[in-house]
Amino acid sequence: MSGLGPFRLGVVPGATPGKWIDVWKQRMPRTDLDLVTLDAARQSEAFAEEAVDAALVRLPVDRDGLSVITLYDETTVAVCSIDSALTAADELTLADLAGEVVMVPDDDVLHLEVPGALAPSFAPLPTTADAVATVATGVGVALMPMSLARLHHRKDVDYRPVTDAPTSTVALAWRTEATTPLVETFIGIVRGRTANSSR
């Protein structure tokens, strides 16, 4: 199997494959692993176009023709300006966000309704980064998985966990009909199998 590849791993923003990539490099030194950045809103297209061998995706994903292994759940956080009264608490609930302007960017991955929240008086923002930049001006809050809050962190914003909000689930997915030896190797790494353990 050495020398085959490269193995193309799709990754949605916020997913952190670093530890698995390190193990891959140790076990498969002659097989490159290429990271392919995926837009979460179009993650299913990467499989249809066969642009990746496997991918770290956010659920839900269209499972037609795919095999999926759930990996971990991410806490949902509210990103707000550092001057916001919301930062006085260590954690928030959805009820704490009632009356707040809640921005939902076009690339939102949570699809979350906040009871009592106010809609922005401007058009939806294209990206999560745009929402964070707008939050920094003191206008409203944005909800996102914690990893995205970290990815888009700025000095003029902060975030707090929202304890009763649904989590965001990250999973490994691949086309079932394309379960290659390289895909199986990566599945083994993700599942924590040692190099010598049998499947």
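Phe-186 is buried, with a relative accessible area of 0%. In this predicted model, ring pairs join Phe-186 with Phe-7 and Trp-24 in a cluster.

**Aromatic cluster**

- The ring centres of Phe-7 and Trp-24 lie 4.9 Å apart with the planes at 20 degrees, so this pair is stacked.
- Phe-7 and Trp-24 are both buried, and Phe-7 has a relative accessible area of 0%.
- The rings of Phe-7 and Phe-186 have centres 5.4 Å apart and planes at 35 degrees, so this pair is tilted.
- Phe-186 belongs to helix H5 (residues 181–190) and is 179 residues from Phe-7 of strand S1, so that pair also links distant parts of the chain.

**Fold and dimensions**

- The protein chain comprises 5 helices and 9 strands, in the order β-α-β-α-β-β-β-β-α-β-α-β-β-α from the N terminus.
- Along the principal axes, the C-alpha atoms fill a box of roughly 55 × 30 × 25 Å.
- Of contacts between residues at least 6 apart in sequence, 72% join residues at least 24 apart.

**Burial, surface and charge**

- Of the 199 residues in the protein chain, 46% count as buried.
- The accessible surface comes to about 10,200 Å², and carbon and sulfur atoms account for 50% of this area.
- The protein chain carries 16 positive and 27 negative side chains, with the centres of the two sets 11 Å apart.

Terms used
Residues numbered from 1 in each chain as written. Predicted model: local features only at pLDDT ≥ 70, side-chain atom pairs only at ≥ 80, totals over all residues. Heavy atoms only, no water. Helix = DSSP H or I, 4+ residues; strand = E, 2+ residues; numbered from the N terminus. Buried < 20%, exposed > 50% of the residue type's maximum accessible area, 1.4 Å probe, protein only. Contact = heavy atoms within 4.5 Å. Areas by Shrake-Rupley, 256 points an atom, 1.4 Å probe, with all protein chains shown as cover. Lys, Arg positive; Asp, Glu negative; His and termini not counted. Charge placed at Lys NZ, Arg CZ, Asp CG, Glu CD. Phe/Tyr/Trp six-rings, centres within 6.5 Å; stacked < 30°, edge-to-face > 60°.
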